[in-house]
Each structure stands twice: as structure tokens, then as C-alpha cells.
Amino acid sequence: MTKRWSVVALLIISSVIFIIATAGGAVRIPWTAFLFQEEGVYTSILWQIRMPRVVLAALIGGALAISGVVMQSLLQNPLADPFTLGVSSGAAVGATLAIAFSLSFFGSWTIIGFATLGALFATVLVLVLTRFIDTQMRMETLLLVGVMMGAFLSAITSLILLFSPDETRPILFWLMGSVSMKGWSAVVIIAPIIVILSLYIWSQARALNAFSLGEQEAHIVGVDVKRFKRNMFVAVSLLVGSAVAFSGMIGFVGLIVPHVTRLFVGFHHKYVLPLAFLNGASFLMLADWIGRTVLAPTELPLGIMTSLIGVPVFLIVYIHLRKEAYHA
């Protein structure tokens, strides 16, 4: 399948998933509510509850997918993503701190700010510790440090909840991943952040292509390696921090979506980045729809759904990649 037809197919699939996710749920929305804007309970549910939820899931899924693409390229590590390297855990610590103690220094932006700082802190700490332990920054060392840091930061999150002055059940549900009951206000806040940062990262596709071959190769073609890495890690931290602030901990999106996307369009970041965003959006919309319909009216946390779907998909993709490497 050519790149053009791959793009067309993925756009159609994404559109179908968006419609299904918007219409399906504990309350099934009839098609007439989409076509006719008459007043009624279905129209109210569609435009005030269901639609912003699906749009938010799409934005967050796209942000996590692009973050995974960037980290895998910068670190030349197919298993790198915000979740496995502890970046999401760092963002969760910051966001939990702001939520549990009702911090509001910057109004609605406080949680995003704390989550972003937590993500950036975790990223820097993982890279510094990895270089301290192993100057060659080998893949296994990076992953080990990332997993350990994720566990450590998760323990910090638990401590914050333990000493939280308020009821912790809503926070625990949020930590397991959820985009419910956020409304258009959340979309208005997060959409500009994700769209602007995603476009900026897309504009750096050529440099990411060079980085995929190694830092030395990137330097040869004129990339300012240190500055570029710093800018990319800051952009990823902002994306992950924003996503975690509104959805909690969601794993596997940044890990499996880049690999699935490369199976369709190859390795050129000009195509991988926008289509990874699209596939990440589709994946999270689908996971959210399944989570609120399979046991309706009970709703399964989004993080659980992405793990249940993501693990088998990742195993299939990983086996495929191993076979390709063996026959190469």
C-alpha cells in the first residue's frame, strides 16, 4: 500500500472511530442528533458531554503518540516512551501534588504547570542517572533506570495521596486514566498547547530523521545536537504534562502507536509524526469507547483499557520487527 492510500485509509478509519465513540456509550445517541440540532436530552448529551470527551481523548492520544515518536528517535530506542521512561510518572507526581492540596497559584494552569515540571524533572533525572551509571547510554541501562524511576515516582505519588487532606478516591480514579466530565473548558485549554507543540515537532522532521541515524550523523548534516535535544525534551515534557494533567496515567500509546504507524508509512518523520498523531487519537478514542460500553453503566479506567489493548498489539508488532531484523 502506497503512502497516499495509507493516509486515506487511516483518515477514514479515524473518522469512523470518532463517530462510533461519539454515538456509543451508556446512552446511545441516535443519528438524528448529529444531523438535526433540535433541543433534547440526546443533543445535550452529544454536544455537552460526549463530544468534548471524545475530542479530549483524541488530543491526548495524539500528544502521547508524538511524544513516543520523538523519544524513540532521540534515544534511538524502540522501547522508549513517556510511560516506560518514567516521564508520565513524573507528570503524575506534579499533577497529584496540585490536585491533592488544592493548589491554584495560576488558576486553571496550575495543574498543567506542576505536571509539566514533574515530567521535565523526571526526564532530566533519568538521563542524568543513566549517563552516570553507563557513559555509553546503552538501551538496557536506560530502560532499567526509567522503570526504576517510574516505580520510585509512583511511590511518591502514593505518599502524596496518603497525606492528602481530602478524599483520595477521585484522584485514584483519575490516576488510572480518565477523560470523563471535563467539558469544553478542558479542550479549550489543552488544544492550543498540543496543536502548537505538535506542529513545532513536525517542523523538525528533518532533524529527527538525522537523529534516527545517530547524534554524530545529525551533527554532520548541521543539527545543533545539544540545543535540539533540549528543545525536544522540553516539548515532550509539555505535551506529556498537559496530557497527564487532564487524563491521568495512560500507558502504551506512545510505545505501540509509533511502531504501528511505521509499518504503514516507513520511517520518514514527515509522514510518521502526523499519522502517529492520527493513530494515537484513534487508539485512545477507541479505548475510551470500549471502556464505557463493555460494562455499561460501569466505566473502566482509560489506563486499564490502553494496557489491555496495548500489550497484545505491542507483542504482535514486536514479533514482526524481530522477524524483519532476523531476515535482514
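Helix α4 is mostly covered, since twelve of its 14 residues are buried, where buried means under 20% relative accessible area, exposed means over 50%, and partly exposed lies in between (1.4 Å probe, protein chains only). This is a predicted model, in which local features need pLDDT of at least 70 and side-chain atom pairs count only at pLDDT 80 or more, while totals for chains, interfaces and linings use all residues. Residues are numbered from 1 along each chain as its sequence is written, and side-chain values use heavy atoms, with hydrogens and water left out.

- Helix α4 covers residues 87–100 and reaches 20 Å from its first C-alpha to its last, close to the 20 Å expected at 1.5 Å a residue, the expected span being 1.5 Å times one less than the number of residues; helices (H or I, at least four residues) are DSSP runs, numbered from the N terminus.
- Among the buried residues of α4 are Val87, Gly90, Val93 and Thr96, and just after this helix Ser102 takes a positive phi of about 50°.
- Helix α12 (residues 253–265) has 13 residues that should span 18 Å, and its end C-alpha atoms are 18 Å apart, which agrees.
- Because ten of its 13 residues are buried, α12 is largely enclosed by the rest of the structure; the buried ones include Leu255, His259 and Arg262.
- Gly266 follows α12 and has a positive phi, near 85°.

**The nonpolar core**

- The largest nonpolar core has 97 residues, and those with the most contacts inside it are Ile60 and Ile201; such a core is a set of buried Ala, Val, Leu, Ile, Met, Phe, Trp, Tyr and Cys residues joined through side-chain atoms within 4.5 Å.
- Helix α3 (residues 41–75) gives the most to this core, with 19 residues.
- Leaving aside neighbours within four places in sequence, Ile201 is in contact (heavy atoms within 4.5 Å) with residues including Ile66, Val70, Met232 and Leu273.

**An exposed loop residue**

- Pro297 is found in the loop between α13 (269–293) and α14 (302–327), and this proline is exposed, with a relative accessible area of 75%.
- Although Pro297 and Arg50 are 247 residues apart in sequence, they are 14 Å apart in space, C-alpha to C-alpha.

How values were computed:
Helices (H or I, at least four residues) and strands (E, at least two) are DSSP runs, numbered from the N terminus.
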